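Thanks for coming. Please look at the sequence and the model first.

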Amino acid sequence: QVQLVESGGGLVQAGGSLRLSCAASGIFFRINSMGWYRQAPGKQRELVAAISSGGSTNYTDSVKGRFTISRDNTKNMVDLQMNSLKPEDTAVYYCNANVVTGFRPPMDYWGKGTLVTVSS
């Protein structure tokens, strides 16, 4: 089994910053991509940012220039630095990892989520 545990959410004023972290643990061969998704009340879950095992990144347009995703492959961790936060960034943020656990296709695993609230 693979577990993803997020930390770093909280309440911040608009214009402020937060840093989310996610640590993967368990028994697995390799982690492919890692990423952060978010789900605001009444909305579908959406990809915020993702990073490949080689370090290639992609971001949803609304966070480009404000958020930065990074990972430490030695620690199986992925971080999301969020700057210039806006009230519309308020959501539950979920960590995601695409993991190779055995001689079968890679599977997606999810954390339980961490709430980010941005006040105006």
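I start with a polar contact of 3.3 Å between the side chains of arginine 38 and serine 62. A polar contact here is a pair of N or O atoms within 3.5 Å; within protein, one must be able to donate a hydrogen and the other to accept it, and residues adjacent in sequence count only if both atoms are side-chain atoms. The side chain of arginine 38 also has a polar contact with that of aspartate 89, at 3.0 Å.

A word on the source. This is a predicted model, where local features need pLDDT of at least 70 and side-chain atom pairs count only at pLDDT 80 or more, while totals for chains, interfaces and linings use all residues. Residues are numbered from 1 along each chain as its sequence is written, and side-chain values use heavy atoms, with hydrogens and water left out.

Is arginine 38 buried or exposed? Arginine 38 counts as buried because its relative accessibility is 6%, and buried means under 20% relative accessible area, with a 1.4 Å probe and protein chains only. Leaving aside residues up to four places away in sequence, arginine 38 touches several residues, including Glu46, Phe67 and Tyr93; contact means heavy atoms within 4.5 Å.

Now the strands. Arginine 38 lies in strand S4; strands are DSSP runs of E, at least two residues, numbered from the N terminus. S4, residues 30-39, pairs with S9, residues 91-100, in the antiparallel sense over 8 bridges. Pairing requires at least two DSSP bridges between two strands. Glycine 35 has asparagine 96 in S9 as its bridge partner.

How values were computed
Helix = DSSP H or I, 4+ residues; strand = E, 2+ residues; numbered from the N terminus. Buried < 20%, exposed > 50% of the residue type's maximum accessible area, 1.4 Å probe, protein only.
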